[in-house]
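Good morning, and thank you for the time on today's agenda. Please look at the sequence and the structure as they come up, and I shall then take you through selected parts.

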Amino acid sequence: MSNTGAIDYDSKIPNNVQLSADRALQRALEKWLPQYLEWWQTMGPHGFQDLEVYLRTAISVDPEGWAKFGYVKMPEYRWGILLAPQEEGRTIPFGKFKGLPVWQEVPGEFRATLRRLIVIQADTEPASVEQQRFLGRTAPSLYDMRNLFQVNVEEGRHLWAMVYLLHKYFGRDGREEADALLKRHSGDPDSPRILGAFNEETPDWLSFFMFTCFTDRDGKYQLEALSQSGFDPLSRTCRFMLTEEGHHMFVGRTGIERIVRRTCEVMQAHKLDANDIEAVRTHGVIDLQNIQKKINFHIGVTEDLYGAEVSTNSANAYHAGVKGRFRETAIDDDHQLHNATYPVLKYRDGAFVTVAEPALNALNARLCDDYLNDCRQILATWNKIIKAAGINYELTLPHRAFLRRIGEFANLHVSTQGEVLSHEQWQARQDDWLPSDADLKYLLSLMVESKPEPGRFANWISPPRAGINGQPIEFEYVKIH
Ligand code: BYC
Ligand code: FE
Ligand code: FE
C-alpha cells in the first residue's frame with residue numbers, strides 16, 4: 001500500500017492506493033465508473049454541466065498544498081480514491097483491542113458492523129448532491145454557485161471513497177451495496193436514503209447554507225469518530241475526507257454569516273425594529289426570525305443523525321475498536337470506559353432529567369454534545385454581528401428534545417424552549433418555531449433565477465470577505481456568459 005502523498009492521475013480512476021496493482025479491483029471500479037457518471041448526469045447538479053467551473057482538485061494528500069485550482073467541467077472532474085498516508089506502527093486507540101496493531105483487513109467478527117457503518121456513511125454523500133441539485137439556477141452570485149458545485153463534486157468524491165472500501169474489502173456484497181448506493185434517492189418514496197435528514201428538501205439557499213453549516217458538521221463529527229477506527233483503511237479514508245469537509249462547513253457558516261450581516265445592515269440603515277418582520281421583508285432581506293426557525297429545523301433533524309442517545313450499537317462498535325469518540329486520542333482516560341458514566345438528558349415522569357448512563361452506551365449522546373458545543377460557538381459569532389449592529393435579537397439553539405424522531409424524545413412534542421406539548425398544542429404553535437408556509441414562500445420569492453454577473457450579489461446576502469484561492473471577489477468563478 002502506498003505511503004506517499006502522490007496521486008496517480010494517469011489511470012482512469014485517480015488514486016494513491018496503487019489501484020493498478022490490483023487488476024480485479026480496478027476492473028470492478030472501472031465498471032462502477034460509468035454508472036456513477038450516469039447518476040451524476042441524471043441526479044447531480046441540474047444544468048450547468050457543460051460550463052467551466054473554477055474548482056479545486058486534490059493533487060496530493062499532504063496536509064499542505066493538496067489542492068490545485070482551475071476551470072473544470074463538472075462531469076470531467078477527476079473523482080479519485082485518496083487515503084491519508086499510512087501511519088507507521090499505528091495501534092488501535094480504544095476498546096477491547098486497545099494497543100494492538102491496527103487491522104489492514106476486515107476482521108471477520110466485525111464485518112457486518114463495519115459494512116453497515118460504511119454503507120450509512122456512503123449513502124449520505126450522494127444524497128446531499130441530490131438534495132442540492134436545483135440550487136444552481138438561483139445562486140446569489142457566481143462565487144456562491146462555484147462553492148455549491150465544489151461541495152457537490154467533493155461529496156461525489158466521498159462516495160468514491162466509501163465505494164472503494166466496499167469493493168476492496170467486502171467482496172460481492174460490497175459490490176452490491178455500491179450499486180445500491182446509486183439506486184436509492186433522496187426523498188424517493190419507494191427507495192429513500194437511509195437517514196432522515198438526507199430525505200429532506202434543500203429548496204433554497206438559506207437551507208443550503210444551514211445544511212452545509214449544520215449537517216456537514218455532523219459529517220465532521222462522524223468522520224472524526226470513524227477516523228479513530230482500528231480498521232486502518234477506513235481511518236485513512238476518513239482522515240482525508242475531513243480535510244475536504246472543512247470547506248463545506250466554511251461555505252455554510254460564512255453563508256449564514258453573510259445573510260445575517262446583510263439583514264443587520266439593512267435594519268440598521270432603516271432603523272427597523274427587530275420584531276417588525278414585515279418591514280424587514282419590505283427591504284427584500286431575510287428576517288432574523290426566519291433564520292432562527294431554519295436553525296431550529298436543521299439542528300433538530302441533524303441531532304437525529306447521532307442515533308439514539310443510549311445505544312448498544314454504538315457501545316458494540318466502540319468496544320470492538322471500530323468507531324471511536326471525537327478526537328479519541330486526545331481524551332485523557334482509559335479509552336475502554338470501564339466503570340465510567342456519562343450524563344444523558346432524558347424525559348422521566350413529566351420532567352427532563354440528567355441520568356448518569358454507562359459511558360459506553362452513551363457515545364451517541366456524547367458525540368452529539370461535542371457537535372452542539374461547536375454549533376453554539378458558531379451562533380455566538382453570528383450574534384456578535386447582530387449585537388454590533390445594535391439590534392436586540394439573539395439566535396439560539398433549540399432545546400435538545402425539539403423536533404426529534406429518533407432516540408429519547410422521539411415520541412414527544414417539545415417547544416424550542418423545552419415545554420412538552422400535547423399534539424394539539426404542537427399543531428397550533430409549531431409555526432412559532434419552524435418556518436411556516438408564508439415564511440417558506442417569502443424565502444422562495446427571493447430565490448430568483450438569474451445569470452449573475454461576476455462580483456454581483458443578490459440583495460439578501462453580503463459579499464464574502466475574500467474570494468477563493470486568493471482570487472478577487474469579482475473573479476468569474478463560473479463561466480456562464
Ligand atoms: N434515521 O442504536 P441506534 C455526512 C436506526 S453526515 C434513520 O440508535 P446507532 C454528510 C439505526 O440505523 C455523517 N434511522 O443507532 C453530511 C438502527 O436501525 P437498525 C453520516 C436511524 O447505530 C452532509 C436503529 O435506528 N455518517 O457525512 O448507534 C453532506 C437503532 O440504532 C437514524 C454516519 O452517520 C436516523 N437518523 O447510530 C454529506 C456515520 N438513527 O440497524 C455527507 C455512520 C438511527 O437497528 N453511522 N437509526 O435497523 C453511525 O455511526 C450510526 O449508524 C448512526 C446510528 C449514528 C447513524
Ligand atoms: Fe461528505
Ligand atoms: Fe461535506
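In which helix does Asn383 lie? Asn383 belongs to helix H10, residues 363-388; helices here are DSSP runs of H or I with at least four residues, strands are DSSP runs of E with at least two, and both are numbered from the N terminus.

Before I continue, a word on conventions. This is a predicted model, in which local features need pLDDT of at least 70 and side-chain atom pairs count only at pLDDT 80 or more, while totals for chains, interfaces and linings use all residues. Residues are numbered from 1 along each chain as its sequence is written, and chains are lettered from A and ligands numbered from 1 in the order in which they are written.

Let me return to Asn383. Asn383 counts as partly exposed because it has 16 C-beta neighbours inside 10 Å. On this scale a residue is buried if 20 or more other C-beta atoms lie within 10 Å of its own, exposed if 12 or fewer, and partly exposed in between, with C-beta atoms placed from the backbone. Leaving aside neighbours within four places in sequence, Asn383 is in contact with Glu394 and Leu395; contact requires that the C-beta atoms of two residues, placed from the backbone, lie within 7 Å. From Asn383 to Glu257 the C-alpha to C-alpha distance is 9.4 Å, across 126 residues of sequence.

I turn now to the ligand. Which residues are closest to ligand 1? They are Gly219, Gly307, Ala308, Ser311 and Asn313, in a shell of 25 residues, where a residue is included if its C-beta atom, placed from the backbone, lies within 6 Å of the molecule. Helix H2 (111-131), helix H5 (205-226) and helix H9 (312-319) are the elements that give two or more residues to this shell. H2 gives the most, with six residues. By class, the shell around ligand 1 holds twelve polar, seven nonpolar and six charged residues; Ala, Val, Leu, Ile, Met, Phe, Trp, Tyr, Cys and Pro count as nonpolar, Asp, Glu, Lys and Arg as charged, and the others, Gly among them, as polar.

Staying with H2, this helix also contains Val119. Val119 is buried, because 20 other C-beta atoms lie within 10 Å. Val119 and Phe457 are 338 residues apart in sequence and 39 Å apart in space, C-alpha to C-alpha.

Next, a pair of helices. How do H1 and H3 cross, left-handed or right-handed? The crossing is right-handed. The axes of helix H1 (residues 23-43) and helix H3 (residues 142-169) come within 11 Å and cross at roughly 145°, with axes fitted to C-alpha atoms over the stretch in contact and angles running from 0 to 180 degrees between N-to-C directions. On the H1 side the contact is made by Leu25, Ala28, Leu29, Trp32 and Trp40, and on the H3 side by Gly156, Val163, His167 and Lys168. These residues divide into six nonpolar, two polar and one charged.

The loop between H1 and strand E1 (52-58) holds Phe48. Phe48 is not a glycine, yet has a positive phi of about 65°. With 19 C-beta neighbours inside 10 Å, Phe48 counts as partly exposed.

A second case is Asn339, in the loop between H9 and E3. Asn339, again not a glycine, has a positive phi of about 60°. Asn339 is exposed, because 9 other C-beta atoms lie within 10 Å.

Strand E3 (residues 341-348) and strand E4 (residues 351-358) run antiparallel and are joined by eight bridges; two strands pair if DSSP finds at least two bridges between them. Thr341 has Pro358 of E4 as bridge partner, and Tyr342 stands opposite Glu357 in E4. The hairpin has two residues between the strands, and there Asp349 takes a positive phi near 50°. Why does E4 lie largely in the open? Of the eight residues of E4, the number buried is zero.

Finally, Glu474 is placed in the segment after helix H12 (437-446). Glu474 counts as partly exposed, because it has 15 C-beta neighbours inside 10 Å. Beyond four places in sequence, the contacts of Glu474 are with Pro454 and Gly455. Thank you for your attention.

Note on methods: Left-handed = near helix turned anticlockwise from the far one by under 90°.
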